[in-house]
Amino acid sequence: MAKTKPGKKDLDSYSIKGTNKVVRPGDCVLMRPSDSDKPPYVAKVEKLEADHRNNVKVRVRWYYRPEESIGGRREFHGAKELFLSDHLDVQSAHTIEGKCIVHSFKNYTKLENVGPEDYFCRFEYKAATGGFTPDRVAVYCKCEMPYNPDDLMVQCEGCKDWFHPSCMGMSIDEAKKLEHFLCSDCSSEDDTKRALNSFHVSPPDEAKVESKRRKR
């Protein structure tokens, strides 16, 4: 009579080999790629389990980098941007190299310093179809592109929209020296209609949610 194989058991945590870091379900981790020339994969840990030989497996939900998606990387994608996919997988826990933090887009833009372990996610991604949720986001500037937190933008004191200096014919240094800024549309209006309030320049790691938004 055949013996029943011992079952698997769920684990509450796993210690990354050679480090003092502990991984738990819900954490985001860096996983060793098969190609050493590629950056580590990023995944969200769904479950940790061990078999009767104490081999630890990790069930993960993969994050995709923009260049790994069907549409590829676009101009508005940040350098540290990831998409949370519906691609689930099981890997050996030995492939976990370290931990990282995947922030919400809003929280990422509030970081004073972005470290190597910091990433952000504003889209969920369907790996089979290339579809995104949400499929529409706010756009800015006359180029009508979504916000890239790596790029400096200046706010018009009239319409309150945000603009890329390059789209306004300015260099980054020129934009930083401005005391007041009106976009071409607002500057053509009468002086009495202009709202000359304090001028703000958004740093590369800060988005302003109160700005005027348009839907694509």
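1. Let's start with a facing pair: Phe83 stands opposite Phe123, which belongs to strand 9. Strands here are DSSP runs of E with at least two residues, helices are runs of H or I with at least four, and both are numbered from the N terminus. Keep in mind that this is a predicted model, where local features need pLDDT of at least 70, side-chain atom pairs count only at pLDDT 80 or more, and totals for chains, interfaces and linings use all residues. Residues are numbered from 1 along each chain as its sequence is written, and side-chain values use heavy atoms, with hydrogens and water left out.

2. Which strands pair with strand 9 in the parallel sense? Strand 7 does, over 5 bridges, and so does strand 8 (residues 96-104), over 4 bridges. Two strands count as paired if DSSP finds at least two bridges between them. As an example, Val102 has Tyr119 of strand 9 as its bridge partner.

3. Strand 10 (residues 132-133) pairs with strand 9 too, but in the antiparallel sense and over 2 bridges. Here Glu124 stands opposite Thr133. The two strands make a hairpin with 6 residues between them, and Gly130 in the turn has a positive phi of about 80 degrees.

4. Buried means under 20% relative accessible area, exposed means over 50%, and partly exposed is in between (1.4 Å probe, protein chains only).

5. Now for the rings. There are 12 aromatic pairs, counting rings of Phe, Tyr and Trp (its six-membered ring) whose centres lie within 6.5 Å; planes under 30 degrees apart are stacked, over 60 edge-to-face, and the rest tilted. Take Tyr108 and Phe120: their centres are 4.5 Å apart and their planes meet at 35 degrees, so this pair is tilted. The pair links distant parts of the chain, with Tyr108 in helix 1 (residues 105-108) and Phe120 in strand 9 (residues 118-125), 12 residues apart. Both are buried: Tyr108 has 3% relative accessibility, and Phe120 has 0%.

6. For another arrangement, look at Tyr140 and Tyr147. With centres 6.3 Å apart and planes at 80 degrees, the pair is edge-to-face. Tyr140 and Tyr147 are both buried. Elsewhere, ring pairs link Tyr64, Phe83, Phe123, Tyr125 and Phe132 into a cluster.

7. Ser69 sits in the loop between strand 6 (56-64) and strand 7 (81-92). Is Ser69 buried or exposed? It is buried, because its relative accessibility is 8%.

8. Although Gly72 and Gly130 are 58 residues apart in sequence, their C-alpha atoms are 9.8 Å apart.

9. How many disulfides does the structure hold? The count is 0, with a disulfide being a pair of cysteine sulfur atoms within 2.5 Å. The sulfur of Cys143 has its closest cysteine sulfur in Cys141, 3.9 Å away, so that is too far for a bond. Cys183 is in no disulfide either, with the sulfur of Cys186 at 3.7 Å. Cys143 is partly exposed at 30%, whereas Cys183 is buried at 4%.
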